[in-house]
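Dear colleague,

I am handing over the structure that we spoke about, and below it you will find an account of what was found. Please keep it open while you read, so that you can follow each residue as it comes up.

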Amino acid sequence: MSPGLLKMWISLTGIGLMFIAVFSIYFSRYKVKNKIIKMILATIAYISMIIAGLIIVFVVFSGPVQE
């Protein structure tokens with residue numbers, strides 16, 4: 001697998017984690033009534049958003065790939 005293709009998959013993982021974070025926050029705020037489940041969903045959302053942000057920063061600041 002080429003380095004450029006690997007960076008593409010890593011960035012797609014970061015984008016996927018952002019979607020998971022958005023839907024988790026939406027469900028935890030508007031759909032779930034149980035406080036424990038709300039807290040678990042919100043924690044998952046914020047952790048995935050932090051990891052996604054770190055992944056995107058890594059991909060952006062690692063620069064272009066030399067082939």
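Among the contacts in the chain with a separation of 6 or more, 64% are between residues 24 or more positions apart, where contact means heavy atoms within 4.5 Å.

Before going on, please note that this is a predicted model, in which local features need pLDDT of at least 70 and side-chain atom pairs count only at pLDDT 80 or more, while totals for chains, interfaces and linings use all residues. Residues are numbered from 1 along each chain as its sequence is written, and side-chain values use heavy atoms, with hydrogens and water left out.

The overall form

The chain has two helices and zero strands; helices (H or I, at least four residues) and strands (E, at least two) are DSSP runs, numbered from the N terminus. The C-alpha atoms fill a box of roughly 50 × 15 × 15 Å, taken along the principal axes. The radius of gyration of the chain is 15 Å, whereas a compact globule of 67 residues would have one near 11 Å; this quantity is taken over C-alpha atoms, and the globule rule is 2.2 Å times the number of residues to the power 0.38. Of the 67 residues, 22% are buried, where buried means under 20% relative accessible area, exposed over 50% and partly exposed in between (1.4 Å probe, protein chains only).

Helix α2 and its ends

Helix α2 covers residues 35-61, and K35 is found in it. At 1.5 Å a residue, the 27 residues of α2 should span 39 Å, and its end C-alpha atoms are 39 Å apart, which agrees; the expected span is 1.5 Å times one less than the number of residues. The N-terminal end of α2 is capped by N34, a side-chain oxygen of which lies 3.2 Å from the backbone nitrogen of I36. Just after α2, G63 takes a positive phi of about 80°. The buried residues of α2 are A42, A45, S48, A52, I55 and V59, and what covers them includes α1.

K7 in helix α1

K7 lies in helix α1, residues 3-31, and counts as buried because its relative accessibility is 18%. Leaving aside neighbours within four places in sequence, K7 is in contact with V59, S62, G63 and V65. With S62 there is also a polar contact between the two side chains, at 2.9 Å (a pair of N or O atoms within 3.5 Å; within protein, one must be able to donate a hydrogen and the other to accept it, and residues adjacent in sequence count only if both atoms are side-chain atoms).

The aromatic residues

A search of the whole structure finds two aromatic pairs; rings of Phe, Tyr and Trp (its six-membered ring) pair if their centres lie within 6.5 Å, and planes under 30 degrees apart count as stacked, over 60 as edge-to-face and the rest as tilted. The rings of Y26 and F27 have centres 5.7 Å apart and planes at 70°, so this pair is edge-to-face. Y26 and Y30 form a tilted pair, 5.5 Å centre to centre with 50° between the planes. Y26, F27 and Y30 form one aromatic cluster.
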